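Here are my notes on the aromatic side chains, as promised. Have the model open while you read.

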Amino acid sequence: METAIRRDMILDVEVVDLLNHQITMEQQASSKYLAMASWCDQRELRNSASYFYKQAEEEREHMMKIFKFVNDNGGSAMSPVATEVAHEFESLRAIFEASLDAEIEVTKSIHHVFKTARKVGDFTSEIFLQWFVTEQAEEEEKVRDILDLIGLMEDMPLKMIDERIPTE
């Protein structure tokens, strides 16, 4: 059996480095969301826990999508390591605010990779990243809507607020 020769990398090296950083960011986001889900589960905030478990899985899917993209295009994806993740939060509002902060951080990073791909003429990566740009806008909007809901209902019992957190 002949050894398959790996095709030349069609991605820009600088963009691959940024994509590997993005892989780590997506893994970190997934780990943060698992910690948030656990906090909610411990307080029997079932809808919020379900929301964060779903978000954790989504971030892992994003990580894997980028990981495969890098490898499929001749690059070398690096397996990420999650660093220290907070497991304690002051309130449900604080968790969703931390979630929004994390989404904004990921959005800024995606935009940076996208701009770099465009600047260096890595059209393959630029086209690939367009989906992530749209996805991040949707993710931020979703969390902002939940924070608006929490703000409107802040005088209500926590369980009543949790019942209105979307799980889809």
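**Notes on the rings**

1. The structure has 8 aromatic pairs. To pair, rings of Phe, Tyr and Trp (its six-membered ring) need centres within 6.5 Å; planes under 30 degrees apart are stacked, over 60 edge-to-face and the rest tilted. Bear in mind that this is a predicted model, where local features need pLDDT of at least 70, side-chain atom pairs count only at pLDDT 80 or more, and totals for chains, interfaces and linings use all residues. Residues are numbered from 1 along each chain as its sequence is written, and side-chain values use heavy atoms, with hydrogens and water left out.

2. Take tryptophan 39 and phenylalanine 89: the ring centres are 6.3 Å apart and the planes at 90°, so this pair is edge-to-face. The pair links distant parts of the chain, 50 residues apart: tryptophan 39 is in helix H1 (residues 13-42), and phenylalanine 89 is in the loop between helix H2 (46-72) and helix H3 (92-120). Helices here are DSSP runs (H or I, at least four residues), numbered from the N terminus. Tryptophan 39 and phenylalanine 89 are both buried, meaning under 20% relative accessible area (1.4 Å probe, protein chains only).

3. Tyrosine 51 and phenylalanine 52 have ring centres 5.1 Å apart and planes at 80°, so they are edge-to-face too. Tyrosine 51 is buried at 2% relative accessible area, and phenylalanine 52 is buried at 0%. Ring pairs join Tyr33, Tyr51, Phe52 and Phe96 into a cluster.

4. Now look at lysine 65: its charged end sits over the ring of tryptophan 131, 3.6 Å from the centre. The charged end of lysine 65 also sits over the ring of phenylalanine 132, 5.7 Å from the centre. The test is NZ of Lys or CZ of Arg within 6 Å of the ring centre and within 35 degrees of the ring normal.

How values were computed:
Helices (H or I, at least four residues) and strands (E, at least two) are DSSP runs, numbered from the N terminus. Buried means under 20% relative accessible area, exposed over 50%, partly exposed in between (1.4 Å probe, protein chains only).
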